[in-house]
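Please walk me through this structure in a viewer, stop by stop. At each stop, tell me what to select and what is there.

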Amino acid sequence: MNRATPATLLYLAEGRAAIPLAKRLAILILPALAFLNAAWYIAYAANPLAMADAWYFIEAFLIRTQEQGLDIIDLYVKRGGSDHAQPLQKLLLLANARWFGLDFVMESFAGLCMALGTYLVIQHVLLRDQIRQRQPFWQMLLACAAIATTLVSLNSGMVFNWSLVTLGYLPHLFAAIAATFLWRSLQEGKWSAFAVSFLVIGFTLDAMAMIIGASFVLACVLSALLRQSDWRRVAGAAVCILLMLAIYKLVSHNYLHAYLPPEPPAADKGRQLIGLLPELPAMAATVLSASLIHPGPLGNLVGDQTEHVQLLLACLVAFTHLWFWHRTIRGPWNASMFLSVCIMLMFYASVAGIIVGRVTMFGPSYLEEPRYVLTYQMSTVALLLMLAGAPRSSPGHWRSSGIAVAIMLSILALQLPLSLHSWHEGRFLQSYYHTMARQMYLLGLNPAHEPDSCVPMLTICSSATGERVRAIQFLKDNQLNAYSPALLHRYSLEATATPPNPPEK
């Protein structure tokens, strides 16, 4: 089992002090450029208007809260068992409506802050291990830059221009924090910090807590099988995770979600999954290749060769996954390795959840949805963390060859065409948002009348008349979203709120 000796801890403290201020700033500057690129993109291309699922939250949460006051059950309202409750996101929605006129760009910035928190946790764990191993400064710099640019890559612009997707960084932030506490618990036998952090996960991430919990248990069992942790502490971790999940499940079933109908029989899902088995290789190729480059930008780069290049990329990524688990088995482990294993297992479990919950309903092509890139690219983050943080005493460590350096430099170089593609798409999004704002204004003139046509993301148009009138009137009465003069001015959308010409009526 890996234990930090007093001498190691002394060197860790001395090593931090030995890094000159200029180098510490350099370690921060390159990752900061990646986050600034994402922030600038949000300011340019994120959608401030209500779209898709936002209309459900307006109806089920904001209106209800205004009429009846805030109740804890309102924070956990969801449409079904496969949906996510998202209580923290609802609190953000409430704050957004109160202070920013329901501007969804602000929520995208909140999601980026969650991504920054995730990165800082990973960087903290990684630099501690790198300093402990006396790694050269350039390796620290390269690793931090590669991880940061991957975490907030513009591989898919939707990750940052749709606030609901950007807020998807929250589970990764909480999981990274809990995983660091879990590793400390396995090494030192102190459980309070981890127990509290996982209880928070249970009550804030709902169904996602099951995925995180399963990943943590598997990581702990694997560490014990490989003699990196004591079985008794692993059993303690499993009991702690199961207990926290059971507490939330009990409260959810009997109080928070007692109104939900029962889930469909598991046998139905089983038959659907069996029917997907012939598509498994193609689905794996989609997911693995998209972890580096989504089919959208890939098609823009290689044109008719997209399918062949996608297969080639999938094979290369599959090979790196094999190396990842080979390195995991060889050992020894440290905090960086444990965190990378947890992240990788979360990636596998999340993809499995997408297949069970979405692909069985919408087909294999649903895995190409741009919003899932956030999930897919976490596998690349796990790989980079393993490359950079694994103990150098292990056989075949990356510093003995230039392969890892080439991988990191290639990933860094890939970000330029990905960013250019997303920025280029952003120009067309501006026109789309103007159209949305205009249609919302016209809808507000007579909400009871269903418009002849609406852009697809303006789902309120096709809602039941009562729901449409209720939601639009709520926004108008409270001057929120497209009916907020301040928001229209902020995004130069004032021209969309002018009286209609006769053909528009």
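The tour below goes through a predicted model, from a surface patch to salt bridges and then to backbone angles.

**Stop 1: a nonpolar patch**

Select Leu21, Leu25, Leu28, Ile29, Leu30, Leu33 and Leu36; together they make a nonpolar surface patch of about 670 Å². Now pick out isoleucine 29 from this group. Its place is in helix α2, which spans residues 21–45. Is isoleucine 29 buried or partly exposed? Its relative accessibility is 48%, so isoleucine 29 counts as partly exposed.

**Stop 2: salt bridges**

Side chains of opposite charge can pair when their charged atoms come close. With a salt bridge taken as a side-chain nitrogen of Lys or Arg within 4 Å of a carboxyl oxygen of Asp or Glu, the count is 8.

Begin with arginine 470 and glutamate 59, whose closest N and O atoms are 3.0 Å apart in a salt bridge. Where do the two partners lie? Arginine 470 is in helix α21 (residues 465–477) and glutamate 59 in helix α3 (residues 53–68), so the pair links distant parts of the chain, 411 residues apart. Arginine 470 counts as partly exposed because its relative accessibility is 32%. Glutamate 59, at 23%, also counts as partly exposed.

Next select aspartate 206 and lysine 78, which form a salt bridge with an N to O distance of 2.7 Å. Aspartate 206 sits in the loop between α11 (192–205) and α12 (207–225), and lysine 78 in the loop between α4 (72–75) and α5 (87–99), so this pair ties together parts 128 residues apart in sequence. Are these two residues buried or exposed? Both aspartate 206 and lysine 78 are buried.

Then move to arginine 371 and glutamate 369, where the side chains meet in a salt bridge at 2.9 Å, N to O. Glutamate 369 has 24% relative accessibility and therefore counts as partly exposed.

**Stop 3: positive phi angles**

Which value does phi take at arginine 134? It is near 60 degrees, a positive value in a residue other than glycine. Arginine 134 lies in the loop between α6 (104–132) and α7 (137–151). Because its relative accessibility is 52%, arginine 134 counts as exposed.

Finish at serine 492, in the segment after α22 (485–490). Serine 492 is not a glycine, yet its phi is positive, about 55 degrees. At 53% relative accessibility, serine 492 counts as exposed.

Note on methods. Residues are numbered from 1 along each chain as its sequence is written. This is a predicted model: local features need pLDDT of at least 70, side-chain atom pairs count only at pLDDT 80 or more; totals for chains, interfaces and linings use all residues. Side-chain values use heavy atoms; hydrogens and water are left out. Patches are made of residues with over 30% relative accessible area and no salt bridge: like charges are joined within 9 Å, nonpolar side chains (Val, Leu, Ile, Met, Phe, Trp, Tyr) within 5 Å. Accessible areas come from the Shrake-Rupley method with a 1.4 Å probe; for residues, only the protein chains shown count as cover. Helices (H or I, at least four residues) and strands (E, at least two) are DSSP runs, numbered from the N terminus. Buried means under 20% relative accessible area, exposed over 50%, partly exposed in between (1.4 Å probe, protein chains only).
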